[in-house]
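Dear colleague,

Please find below the structure that I am handing over to you. My notes on it follow directly after.

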Amino acid sequence: MSGRAWAVCRKELRDAMRDGRTIIAVFVVPFILYPGLMLFMGWIESQNKKEEGALQVSVGVVGEAQLPGLTPALKALEGVTTVPLDRVPPSLEAAGVDAVLSIPPGIAQAIPRGDSVKVELLYKDADHKSSAAEERLRPVLDDVQRELTVLWARSQGAPVKQAPAIAVEKRDISSKAEEGRFLAALIIPYILVFMVAAGSMHIAIDATTGEKERSTLETLLATSTPRSDLVLGKMLAVIAVALTAGLVGILGLWFNLTVLAGMMPALSGQSVQLTMRPEQALFILLTVLPTAIFLSAALVAIGCFARSMREGQTYATYVYMASVFLGLGSFRQLGTPPVERFMIPILNTALLQREILTDTVVPMHAAVTLGTSAVVAAIMFVMATRLFSNESVLFRT
Amino acid sequence: MRPRSPTQSAPGDPLIEVLNLCKTFHDRKKGPIPAVLNVSFTCSPGRVFGLLGRNGAGKTTTLRMLATILYPTSGTARIDGIDVNQNPGEVRKRIGYLSGDTKLYDRLTGRELLTYFGELAGMSPASIAGRIAEVQVSFQLADFLDKRVGKMSTGMKQRLSLCRVVLHDPPVLIFDEPTSGLDVMGAREVLRIVQDLKSKGRTIIFSTHIMTEAEKICDEIAIIERGSILAKGNLDSLRREHGGGSLEDVFVSTVEKVTPEEAGRAGERVRP
């Protein structure tokens with residue numbers, strides 16, 4: 001490397017290290033933001049594990065008496081209550097169980113005869129409790145397979161390894177609509193957070209830092225409009241754009257997954273039926289509001305603080321990333337979340353949307369979400385107004 | 001142009017009173033930086049007061065305090081009898097502020113821009129439309145009023161800026177180097193408009209570092225250097241005090257008298 005290249009390198013490093021954005025991107029973000037977000041995700045995950053462990057599932061069993069080893073195996077499972085059934089019910093909901101284990105009648109005779117029989121575990125992958133029941137019953141299904149294999153081997157006087165494959169299967173009986181609902185509840189809140197954050201970012205920075213960069217700020221400050229009105233007006237514009245982004249996002253999802261997929265037979269067979277009733281869509285839109293208000297207030301506050309558009313966009317990107325991480329928190333949420341999780345902005349809206357889409361709304365959760373978001377947004381608004389009135393922030397270079 | 005809004009001041013009272021105005025900026029590394037030191041002056045209705053100084057002399061900081069964009073560290077100013085510290089909102093209703101550095105919104109048309117600032121000034125839609133109709137004639141905006149600002153020439157933009165400043169018909173106009181960045185023709189046009197506004201009774205503070213501009217339009221002139229006013233008066237009295245010559249000669253002889261020691265002593269007076 002020539003001395004001149006080294007001189008260029010030194011200059012660039014000196015230049016970069018005197019730029020606050022580099023310090024934030026190289027030191028603050030990797031040291032605080034990313035580990036903090038990872039810590040948050042880890043906390044969510046450990047809470048989920050705890051909740052999953054404490055979850056009680058109910059499994060209907062048809063023909064339990066036919067396999068002597070089954071009852072003790074089922075009893076050994078923690079958090080599983082068995083319900084004896086005479087026959088396979090028309091639906092899990094009708095029987096009030098989360099899964100059904102079906103042992104066909106006469107299995108003890110059919111196996112030695114070499115008849116084709118099938119033990120089935122019916123469950124719904126689109127339902128988190130049913131899915132948890134399936135997970136817990138996996139070792140039992142292995143036990144059943146082993147017991148049936150030994151039964152065949154004993155009856156034939158043959159070694160176990162010569163036994164034919166005995167069908168012990170799991171069957172997901174979720175309907176297309178249920179799968180669609182599950183998918184909608186899983187993806188839509190996350191995507192909406194993503195869209196609202198992305199939609200509000202540019203306008204928030206343009207409307208605030210942009211005034212400084214374009215040298216239009218002084219003109220604005222010299223008008224008789226109170227600073228709080230100026231900030232509120234900018235915030236309302238950002239909220240409008242954020243909400244539009246959310247609305248367009250919902251319409252886009254619906255259009256692609258239902259209309260467009262329906263027009264293409266090759267796709268329609270494979271695609272899930274994204275189900276969102278009109279009233280659900282309306283409630284979802286209403287719940288986008290707290291996220292939009294919170295994000296808009298936060299981004300406007302950042303925009304008031306930043307010196308240049310580039311600086312503002314850099315800071316806004318971190319808010320965006322944090323929002324996406326918070327949205328991911330809802331992605332991993334399986335059961336009913338504890339109420340304190342509805343006090344975390346963005347995550348609370350995503351969780352509430354999930355409850356709306358699965359028709360499991362808890363009024364307290366909705367109230368805490370709206371209340372918390374309103375309080376945090378108000379704090380952000382006051383911060384933004386103060387920043388917009390602080391000459392050392394407005395005119396710093 | 002319609003008669004301007006009634007003022008609070010009694011007839012004959014100065015419309016602008018500046019009394020011991022100081023501004024100190026605080027820098028984390030350098031500590032307090034005095035920018036304006038005990039600036040005092042008055043300006044009577046219908047007069048043009050020129051603030052003459054080099055770049056960094058304290059003109060913009062002084063005018064920003066008068067426009068209530070910056071808070072004074074000490075001292076005060078009254079615009080139309082209203083204190084800038086006590087009631088900045090009312091002061092803003094009575095002023096029009098234009099800086100040569102300030103820009104307009106490129107993505108708006110001239111009409112949209114004027115409407116926006118009319119709304120910010122609290123004007124009704126009807127009065128905004130009426131005022132736009134008036135000013136587009138007097139400022140010769142008709143040809144480009146519906147054009148986007150981004151597509152306008154520098155001269156058009158400056159005319160539109162001046163129009164924005166007077167739209168809500170304020171009695172006091174604050175112009176901070178309004179000809180900055182304009183070519184000769186553009187600058188002449190701005191000066192013509194300022195003179196026209198003066199003839200219509202507006203009270204104007206006009207800062208510049210271009211001596212000929214000050215000579216042309218100012219009734220009174222203050223020479224500001226290192227945040228302090230060093231000389232003040234009309235052109236004739238300034239010439240008399242400094243042994244004649246052009247305003248440029250007066251300016252140079254005034255500014256050269258200030259030694260760094262004197263500037264330092266002036267700074268000490270305001271350091272906490």
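What percentage of the 272 residues in chain B do buried residues make up? They make up 43%, where a residue is buried if 20 or more other C-beta atoms, placed from the backbone, lie within 10 Å of its own. Please note that this is a predicted model, in which local features need pLDDT of at least 70, side-chain atom pairs count only at pLDDT 80 or more, and totals for chains, interfaces and linings use all residues. Residues are numbered from 1 along each chain as its sequence is written, while chains are lettered from A and ligands numbered from 1 in the order in which they are written.

Chain B as a whole

Chain B contains ten helices and ten strands, taken as DSSP runs (helices H or I, at least four residues; strands E, at least two) numbered from the N terminus. Its radius of gyration is 19 Å, close to the 19 Å of the globule rule for 272 residues, so chain B is as compact as a globular protein of that length. That radius is taken over C-alpha atoms, and the rule is 2.2 Å times the number of residues to the power 0.38. Along the principal axes, the C-alpha atoms of chain B fill a box of roughly 55 × 45 × 40 Å.

Domains of chain B

The domain assignment gives domain 1 (16–94 + 172–270) and domain 2 (103–169) of chain B; such bounds come from an automatic or database assignment. The domain centres, taken over C-alpha atoms, are separated by 27 Å. Eight residues from domain 1 of chain B and eight residues from domain 2 of chain B take part in the contact, a contact being two residues with C-beta atoms, placed from the backbone, within 7 Å. On the domain 1 side, helix 6 (residues 184–199) of chain B gives the most, with five residues.

Nonpolar cores

The largest nonpolar core has 75 residues, and L66(B), I174(B), V194(B) and I205(B) have the most contacts inside it. Such a core is a set of buried Ala, Val, Leu, Ile, Met, Phe, Trp, Tyr and Cys residues joined through C-beta atoms within 7 Å. Beyond its neighbours within four places in sequence, I205(B) is in contact with residues including I16(B), F49(B), L66(B) and I174(B).

Contact between the chains

Chain A contributes twelve residues to the contact and chain B 19 residues. On the chain A side, the largest share, three residues, comes from helix 8 (residues 217–221) of chain A.

With kind regards

Terms used: A residue is buried if 20 or more other C-beta atoms lie within 10 Å of its own, exposed if 12 or fewer, and partly exposed in between; C-beta atoms are placed from the backbone.
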